[in-house]
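This report walks through one protein chain, from its overall make-up to single residues. Please look over the sequence and the model before reading on.

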Amino acid sequence: MLIDGVDDLMHFSILLSIIVRWAVSRFPYSGAGKPPMFGDYEAQRHWMEITVNLPVYEWYKNSSNNDLQYWGLDYPPLTAYHSLICGHVAKWINPNWIALNSSRGHESYHHKIFMRSTVLVSDLVFYIPLILYWSTVQRPWNLRNKAIAAGLCLLYPGLILIDHGHFQYPLCNVN
């Protein structure tokens with residue numbers, strides 16, 4: 001344990017940020033149940049569909065299998081490869097979730113849990129470790145200030161609402 005419970009403060013901040021993220025994700029997202037576009041949730045699901053089912057050279061091209069007017073992939077390749085990884089996991093769990101052209105607008109309880117979980121896992125793998133690295137290694141502050149800085153970044157409402165409420169991935173926010 002670090003001096004004066006700073007280690008506890010850091011652990012508390014991480015745990016609280018995960019709980020807040022999951023709590024926010026339990027509420028509806030924009031576009032839920034509203035055809036024809038269904039909101040950003042559908043955009044992310046559709047990008048998984050496109051990246052898993054089409055070759056890389058077709059991801060950004062309009063075609064009969066990739067209508068760019070329907071949530072065309074318009075983020076940089078890092079996001080596309082993230083969608084590909086999530087899409088392969090989705091295909092392993094339930095191929096119907098990302099079936100080419102027939103899964104548009106798919107919204108089910110289990111798929112929502114899957115999609116929300118992929119956002120949380122992305123935070124756990126990318127965002128949270130980067131914040132911890134930045135606040136503990138890169139900042140020449142005392143231990144208490146490092147823990148406070150990490151906690152404030154991890155609990156920043158704007159990112160939590162965009163990523164877990166509105167429905168984005170942390171990778172989408174840094175591209």
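## Basis

This is a predicted model, in which local features need pLDDT of at least 70 and side-chain atom pairs count only at pLDDT 80 or more, while totals for chains, interfaces and linings use all residues. Residues are numbered from 1 along each chain as its sequence is written, and side-chain values use heavy atoms, with hydrogens and water left out.

## The chain as a whole

The protein chain has 7 helices and 0 strands. Helices (H or I, at least four residues) and strands (E, at least two) are DSSP runs, numbered from the N terminus. Read from the N terminus, the order of elements is α-α-α-α-α-α-α. The C-alpha trace spans about 60 × 30 × 25 Å along its principal axes.

Of the 175 residues, 42% count as buried. Buried means under 20% relative accessible area, exposed means over 50%, and partly exposed lies in between (1.4 Å probe, protein chains only). Among contacts with a separation of 6 or more, 74% come from residues 24 or more positions apart; contact means heavy atoms within 4.5 Å.

## Annotated spans

The unreviewed UniProt entry carries the annotation "transmembrane region" for residues 113-134 and 146-162. UniProt positions are given in the numbering used here, feature names are shortened, and annotations may be inferred rather than shown by experiment. In the model, residues 113-134 are 100% helix and 0% strand, with end C-alpha atoms 30 Å apart. Residues 146-162 are 88% helix and 0% strand, and their end C-alpha atoms lie 25 Å apart.

## Nonpolar cores

A nonpolar core is a set of buried Ala, Val, Leu, Ile, Met, Phe, Trp, Tyr and Cys residues joined through side-chain atoms within 4.5 Å. The largest one has 20 residues, and those touching the most other members are Met48, Trp59, Ile98, Phe114, Met115, Phe167 and Tyr169. Helix H2 (39-53), helix H3 (77-93) and helix H4 (109-138) each give two or more residues to this core. H2 supplies the largest share, 5 residues. Apart from this core lies another, of 8 residues, including Ile128, Ala147, Ala150 and Leu154.

Phe114 touches Met48, Cys86, Val89, Ala90, Ile93 and Trp97, leaving aside residues up to four places away in sequence.

## Contacts of H2

Which helices does H2 cross at roughly 85°? The axes of H2 and H3 come within 7 Å and cross at roughly 85°, which makes H2 roughly perpendicular to H3. Axes are lines fitted to C-alpha atoms, for helices over the stretch in contact, and angles run from 0 to 180 degrees between N-to-C directions. Angles under 35 degrees count as roughly parallel, over 145 as roughly antiparallel, 65 to 115 as roughly perpendicular and the rest as oblique.

On the H2 side, Trp47, Met48, Thr51 and Val52 meet Thr79, Ala80, Ser83, Leu84, Cys86, Gly87, His88 and Lys91 of H3. The residues of this contact divide into 6 nonpolar, 5 polar and 1 charged. Here Ala, Val, Leu, Ile, Met, Phe, Trp, Tyr, Cys and Pro count as nonpolar, Asp, Glu, Lys and Arg as charged, and the others, Gly among them, as polar.

The axes of H2 and H4 come within 11 Å and also cross at roughly 85°, so H2 and H4 are roughly perpendicular to each other. Tyr41, Gln44, Arg45 and Met48 of H2 make this contact with His111, Lys112, Phe114, Met115 and Thr118 of H4. These residues divide into 4 nonpolar, 3 polar and 2 charged.

## Single residues

Leu143 is in helix H5 (residues 143-154) and is partly exposed, at 35% relative accessibility. The C-alpha atoms of Leu143 and Asp7 are separated by 8.6 Å, although the two residues are 136 residues apart along the chain.
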